[in-house]
Amino acid sequence: MPLIEYPALLLRFLRQRFDLRDDTADPAVIEDSVESGVTFRGTNLWVLIFAILIASVGLNVNSTAVIIGAMLISPLMGPLVSVGYSAATNNPDLLRRAVKNLGLAVVISLLTSTVYFLLTPLSGAQSELLARTEPTIWDVLIALFGGLAGAVGLTRREKSNVIPGVAIATALMPPLCTAGYGLASGHWEYALGAFYLFSINCVFITLAAFLVIRFLGLPAHRFQDEAQARRVRRLMLAAAVVVAGPSVWLGYRIVQRSVYAHAAEDFVAKELNFAGTYVVTRQIDPRQRTINVLLVGRPVDTLRLGAARRALARYRLGGTALVVRQGLQAYDSLDAQSLRQSLLEDVHARQSQAQSRYEVELNRLLQQLVVAARPALPAPEALLREAQVEHPAIHRLTLTALPRPAIPRDSLPADTMLIVSIEARDSVPPAERQQLAQWLRARTNRPQVQLLVAPVATRPASPEVSAPAKRVQPSAAPAREETRRSR
């Protein structure tokens, strides 16, 4: 084969493997699926309210499992995908309905979460809630890739668990609930940061849906009036710019802030690591380009602090104002907030580790309780005599209890398996074995009984019995030799 044909074969192979058009659903089916998730009325509206309440409770009690459950039942993905789909297929009616229902869903979600946090007696901000107040570059990437996966899953013939997975990954519910907490408690920075994160998710999910629908080339709506068609195209172009423009700007700004924050953390860890001195709190503000730290312990002289400030340029932190405060007398409210958030994150991590250890220990104790609660096994001799009444062929019986090992996070309870080994003179039919096994379960009060049946082992005959011993005549040669020597 000529060498020039190998690239063509490779391209054909890649095209076959990565082609998205083979299993694309019918355009009418895709449109019906998109239309069904747009309207918030009746069932969808109540499900949205219940999901918001569940997510608010999860954030309030710092339960990750509850928050994930709320994201699974949330119907907020429908309007977002509809906005991208309508912009890609030139459907202005669907676009207007999608934007209208998305706004309605946001307002209802904010009102519901705000009312909940006004009424709940738990007013503290937990680590799960604080994690939704400051978006990062990773949130942008998750929203973009999650939106791409959701749009691809929506356009397939066979539906899968892609949409629920996207709902969990992109996390539309928790930011709205966090914004409600900020409104209810008066923490406006929490409300703004959480709504900023929700906006990022919305923009990038919509953009991803628009790109996938455009790539698949689904048929666009046609109009008989050319003037109306031009107006629609302009409207769709404006919608695409509105969706894509903020996404590019937000993504660029977040990348800048994330890079700055990472470089600042690296600078604090390396350049402010003085012997006998500890960094209690650090406040990094990428917008104002400031690093504010509180040191306790051995005082640091101005010479070393000056060297640390000159090192800012090596970390690409030029123009950054480094504020270093020393001693607990410089401790202020911002330090208290930063320290509190750090402690909450540390406590949450320790709680997760402790919970895993507790589950392992709990399973072990449950196993011991199950074993201890079992009544004692009957003596094998008594059990053998009772079994021989119905099954005379049984010659020998032994009992062995094997504990089932405890497995963390396993839904099956700890238990023991009873092994009953039987030796029989004659073969035991299958029906008789089943009857015997049922009797053993009832007699020993063990739900797990395994019956092993084997024939009676035959012992080989003793050599003294099987063959008479031959008498060995003593040899006369030693006697003759002894006589010769004595002569």
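Is Arg 304 buried, partly exposed or exposed, and at what relative accessibility does Arg 304 count as such? Arg 304 counts as partly exposed, at 34% relative accessibility. Buried means under 20% relative accessible area, exposed means over 50%, and partly exposed lies in between (1.4 Å probe, protein chains only).

The model is predicted: local features need pLDDT of at least 70, side-chain atom pairs count only at pLDDT 80 or more, and totals for chains, interfaces and linings use all residues. Residues are numbered from 1 along each chain as its sequence is written, and side-chain values use heavy atoms, with hydrogens and water left out.

The chain has 18 helices and six strands. Helices (H or I, at least four residues) and strands (E, at least two) are DSSP runs, numbered from the N terminus. Of the 487 residues in the chain, 37% are buried. Contacts (heavy atoms within 4.5 Å) were also sorted by sequence separation. Among those between residues at least 6 apart in sequence, 75% join residues at least 24 apart.

Two helix pairs are described here. Helix 3 (residues 43–61) packs with helix 4 (residues 64–73) at an angle of about 165 degrees, and their axes are 8 Å apart. Helix 3 is therefore roughly antiparallel to helix 4. Axes are lines fitted to C-alpha atoms, for helices over the stretch in contact, and angles run from 0 to 180 degrees between N-to-C directions. Angles under 35 degrees count as roughly parallel, over 145 as roughly antiparallel, 65 to 115 as roughly perpendicular, and the rest as oblique. The crossing of helix 3 and helix 4 is left-handed. A crossing is left-handed if the near helix is turned anticlockwise from the far one by less than a right angle, and right-handed if clockwise. Helix 3 contributes Val 47, Ala 51, Ile 54, Ala 55, Gly 58 and Leu 59 to the contact, and helix 4 contributes Val 66, Ile 67, Ala 70 and Ile 73. By class, this contact of helix 3 with helix 4 has nine nonpolar residues, one polar and no charged. Ala, Val, Leu, Ile, Met, Phe, Trp, Tyr, Cys and Pro count as nonpolar, Asp, Glu, Lys and Arg as charged, and the others, Gly among them, as polar.

Helix 8 (residues 137–154) and helix 11 (residues 188–216) pack at about 40 degrees, with axes 7 Å apart. Helix 8 and helix 11 are therefore oblique to each other. Their crossing is right-handed. On helix 8 the contact is made by Asp 139, Val 140, Ala 143, Leu 144, Gly 147, Leu 148, Ala 151 and Val 152. On helix 11 the residues include Leu 197, Ile 200, Asn 201, Phe 204 and Ile 205. The contact of helix 8 with helix 11 has 13 nonpolar, two polar and one charged residues.

The structure holds eight salt bridges. A salt bridge is a side-chain nitrogen of Lys or Arg within 4 Å of a carboxyl oxygen of Asp or Glu. One of them joins Glu 35 and Arg 97 (2.7 Å, N to O). Glu 35 lies in helix 2 (residues 27–36) and Arg 97 in helix 6 (residues 92–119), so the pair ties together parts that are 62 residues apart in sequence. Glu 35 is partly exposed at 27%, and Arg 97 is partly exposed at 32%. Arg 304 pairs with Asp 301, with the closest N and O atoms 3.6 Å apart. Asp 301 is partly exposed, at 39%. In a further salt bridge, the closest N and O atoms of Glu 423 and Arg 396 are 3.8 Å apart. Glu 423 belongs to strand 5 (residues 416–424) and Arg 396 to strand 4 (residues 394–403), 27 residues apart. Arg 396 is partly exposed, at 41%.

Helix 6 also holds Thr 114. Thr 114 counts as buried, at 15% relative accessibility. Leaving out residues up to four places away in sequence, Thr 114 touches Gly 180, Leu 183 and Ala 184.

Several loop residues were examined. Gly 276 lies between helix 12 (226–271) and strand 1 (277–285). Gly 276 is partly exposed, at 34%. Beyond its neighbours within four places in sequence, Gly 276 is in contact with Val 296, Gly 297 and Arg 298. Gly 276 and Arg 298 are 22 residues apart in sequence and 5.4 Å apart in space, C-alpha to C-alpha. Arg 289, in the loop between strand 1 and strand 2 (290–297), has a positive phi near 55 degrees. Arg 316, in the loop between helix 13 (302–310) and strand 3 (321–326), has a positive phi of about 60 degrees. Arg 289 is partly exposed at 30%, whereas Arg 316 counts as exposed at 76%.
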